Amino acid sequence: MQAAEWARDITDILHGQDEQGALERLARLQPFDRAQVLAHMEPQDRLRLVRSMPVPLAAETLEYLEPETQYRILDHLDEPRAAALLQGMSSDTVVDLLLALHPLQAARLKAWLPPAYRERIDTLMTFPENTAGSLATIEYIAAREGWTVQQALDHVRKVGHDAEVVSYVYVVDARGRLVRVASLRELILADPHASLTSVGRADVITVRATADREEAARLLTNYDFVALPVVDDRHRLLGIITIDDIVDVIHREATEDIQRLGGSVPLAESYFKTPVPMLFRKRVGWLLTLFIAGAYTSTVLHHFEDLLSQVVGLTFFIPLLIGTGGNTGSQTVATLVRALAVGEVTFRDMLRVLGRELATGTLLGAVMAVATYVRAYTLGVGIELGPVVAVTALFIVVWASMVSAVLPLLLHRLRVDPAVVSGPFISTLVDGTGLFIYFSVARALLNLS
């Protein structure tokens, strides 16, 4: 059943004055599904249910709603309940909510938070959106390095219900610096009287709060952690990043790369939430850039006008050859952009990448040369054009492979997202240069002036 259907059914139950029945039906759903149901309901019905839901259930549900909807609900509740819901939400969700609001609205909500909690939220809000610190949550379990295993387990039982992850206990010193991490399994199996300094690992894998969020995603993926500790420059523990947040990061980064590979600026919101004027602004810049770059193709054609007038048959293969070059470049770029994103390739690997793409491009070019020669023969345009288009296909594929191998690495080195070397951009670049290669080969092999 879809969320809209659930929403209609629960609304009918609610309007039938069976509020308890509506709540029971809603409580049986997963948190994400509950949020989707509330999003499809009328504001007054949504507010009525949130007022009646137990605080933990309501707070868990609110986390999956958009910040605007979260604020509308909190704003219409009485202050004690709104404050309880806000404090029941995970800290990373609270940070996202506060950052999405007007400063005056954010200040009003922050006033409902306990001073110590508010101070830590303020710290998380200082990190830019694309950093690891912006993903951190402060709902983790920390223990002092002087404690015993039994003290740590007692602490887990005391505060574990508020933690986002109970799989790890992070051991800190008197200054809050992370010195050790122990899994819950290691604590349960250890001697209760043993010191925490004898359990777990001292070589803790961490991520700096100022590091790019993709670095956090790489570490969590490489080490198969459930959560990753986030530290500051002094190695003080600021929070943790959980695997569910990293899944969201991977999803957003993949979406951005796909949109850039299509020759468009990534959308800040989902497609249907993005107004048409914003869609226009996101696309027009790149479209004009590609238009200007594409004008080079016309210049090349104009330059070789006399050659085309002598051998009209050359025109038959222009779309085929430049299309092949563009497709080759797009394949190479897509492969390397992904390899750069997951850390498989770095700028230092440029020569290795260039060698591999040169070899691959040569093999692909040889295949395309044969295919192009066969096409020339079946068109019956003259036996003299077959070698021209075949050699050109080989050169264009090799050239497109090499250009597409170097550009993403150079841009990555310059700290520019390599995904901006989009399929359309590479196609446009290869079009002009491919035509120049084509006519140069034709002039040489056909002995034309």
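Student: Is Asp75 buried, exposed or partly exposed?
Tutor: Keep in mind that this is a predicted model. Asp75 counts as partly exposed, with 30% relative accessibility.
Student: Which residue does Asp75 form a salt bridge with?
Tutor: Arg108, and the closest N and O atoms are 2.6 Å apart.
Student: What about Arg72, which side chain does it meet in a salt bridge?
Tutor: Glu68, at 2.5 Å from N to O. Both residues are in helix H6, 4 residues apart, which is about one turn of the helix. Arg72 is partly exposed, at 47% relative accessible area.
Student: Why does that spacing work?
Tutor: An α-helix has 3.6 residues a turn, so residues three or four places apart point the same way.
Student: How many salt bridges are there in the whole structure?
Tutor: A search finds 13. One of the others pairs Arg177 with Asp173, with the closest N and O atoms 2.9 Å apart.
Student: Switching to helix packing. At what angle do H6 and H8 pack?
Tutor: About 90 degrees, with the axes of H6 (residues 67-76) and H8 (residues 91-100) 9 Å apart. The two helices are therefore roughly perpendicular to each other.
Student: Which residues meet there?
Tutor: From H6, Pro67, Gln70, Tyr71 and Leu74; from H8, Thr93, Leu97 and Ala100.
Student: How many residues of H8 are buried?
Tutor: 7 of its 10, so H8 is mostly covered. Among them are Thr93, Val94, Val95, Leu97 and Leu98.
Student: And how do H1 and H2 cross?
Tutor: Their axes come within 7 Å and cross at roughly 155 degrees. That makes H1 roughly antiparallel to H2. Trp6, Asp9, Ile10, Ile13 and Leu14 in H1 meet Glu19, Gly21, Ala22, Arg25 and Leu26 in H2.
Student: What's the phi of Gln17?
Tutor: Near 65 degrees, a positive value in a residue other than glycine. Gln17 is in the loop between H1 and H2, and it is exposed, with a relative accessible area of 63%.
Student: Where is His235?
Tutor: In the loop between strand S5 (227-231) and strand S6 (237-242). Phi of His235 is near 65 degrees as well, again positive in a residue other than glycine. His235 is partly exposed, with a relative accessible area of 30%.
Student: Last one: is Ile246 buried or exposed?
Tutor: Buried, with a relative accessible area of 1%. Ile246 is in helix H14 (residues 243-261). Not counting residues up to four places away in sequence, Ile246 touches Leu135, Ala216, Ala217, Leu220 and Ile241.

Key
Residues are numbered from 1 along each chain as its sequence is written. This is a predicted model: local features need pLDDT of at least 70, side-chain atom pairs count only at pLDDT 80 or more; totals for chains, interfaces and linings use all residues. Side-chain values use heavy atoms; hydrogens and water are left out. Axes are lines fitted to C-alpha atoms, for helices over the stretch in contact, and angles run from 0 to 180 degrees between N-to-C directions. Angles under 35 degrees count as roughly parallel, over 145 as roughly antiparallel, 65 to 115 as roughly perpendicular and the rest as oblique. Contact means heavy atoms within 4.5 Å. Buried means under 20% relative accessible area, exposed over 50%, partly exposed in between (1.4 Å probe, protein chains only). A salt bridge is a side-chain nitrogen of Lys or Arg within 4 Å of a carboxyl oxygen of Asp or Glu.
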